[in-house]
Amino acid sequence: MIDSHCHIDLEVFDNDRDSVLKNAFEVGIKRLLVLGLSNRQFTKLLALKQHYEQIDIALGLHPYFLKLQDESQTQIMLNEFSRLASVYQNQYIAFGETGLDSSLALDMAYQKKILRFQLNLASIYNKPVILHHRKSHNHLIRLLKEQKYRGGGILHAFSGSYHEAKTYIDMGFLLGVGGTITYSRASKTRDTIAKLPLDKLVIETDSPDMPLSGFQGQRNQPSQLRLVADTLAQLKKISSQEVEQQTTLNYLTLFGLSVN
């Protein structure tokens, strides 16, 4: 079982990170993907990867952590990102978390510029991308088609229609399934996920965010992944073991990792 999306590097885990990860490993989690958010934060990811062999990392510029800058400042940021991409290309397995978010005050044109830059590097270095979306499916799908991006990746925390899901799948993406499906009120997403082929899905916690139903207001953590797997199994009317095995294989195949 693999947590395909978490942020175990954040400060909220600084006091008990070792015990949180120990709990995750004890419930059967074999690997975790910790996402990049900014240039400065990537150093912490490198240290985490060095300390825990079960951790995979990604290099990304998340829209939440961007601010609108003038052209020269933006270029400095992108130059540093390019340097990190080159120097550490054997350390990270994906670009992301990146994407588009219409709920932010940040100019959408600027978000698209930063996303395009990361997609171009993903193509150069032949690595998948992990995409964030919020009220932005139309923008995101249009941009991916305009870029002719074919490198695949994961659409993180998918929520949307069956048509949108199929569009991403047809473009080579897996869909990330997280705590949203544990809420009965999320009927649209639950119905969509139930119809999708299991070999196009991965499971995730987005720790410390996206708390599961019954755990609202609490810090999410990777050990909760089993509840996501169990809920997905119920929705698809299959065993939890089948969910765990197939989603693990989907992750390993996407990133070209060996099956242990």
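Which residue forms a salt bridge with Arg-31, and how far apart are the closest N and O atoms? The partner is Asp-56, and the closest N and O atoms are 2.7 Å apart. A salt bridge here is a side-chain nitrogen of Lys or Arg within 4 Å of a carboxyl oxygen of Asp or Glu.

Before going on, a word on the source. This is a predicted model, in which local features need pLDDT of at least 70 and side-chain atom pairs count only at pLDDT 80 or more, while totals for chains, interfaces and linings use all residues. Residues are numbered from 1 along each chain as its sequence is written, and side-chain values use heavy atoms, with hydrogens and water left out.

Back to the pair. Helices (H or I, at least four residues) and strands (E, at least two) are DSSP runs, numbered from the N terminus. Arg-31 is buried, with a relative accessible area of 18%, and Asp-56 is buried at 2%. Buried means under 20% relative accessible area, exposed means over 50%, and partly exposed is in between, with a 1.4 Å probe and protein chains only.

Now the strands themselves. In a regular strand the side chains alternate between the two faces of the sheet. From β2, Arg-31 and Leu-33 point one way, Leu-32 and Val-34 point the other way, and all are buried. Strand β2 runs parallel to β1, joined by three bridges, and Leu-32 is the bridge partner of Asp-3. Three bridges also join β2 to β3, again parallel, with Val-34 partnered by Ile-57. Two strands pair if DSSP finds at least two bridges between them.

Next, the salt bridges elsewhere. A search of the whole structure finds nine of them. Asp-14, Arg-17 and Lys-44 are linked in a network. The side chains of Asp-14 and Arg-17 meet at 2.5 Å, N to O. Asp-14 is partly exposed at 39% relative accessibility, whereas Arg-17 is buried at 13%.

What does Lys-44 form with Asp-14? The two form a salt bridge, with the closest N and O atoms 3.1 Å apart. Lys-44 lies in helix α2 (residues 42-51) and Asp-14 in the loop between β1 (2-6) and α1 (17-26), so the pair ties together parts that are 30 residues apart in sequence. Lys-44 counts as partly exposed, at 32% relative accessibility.
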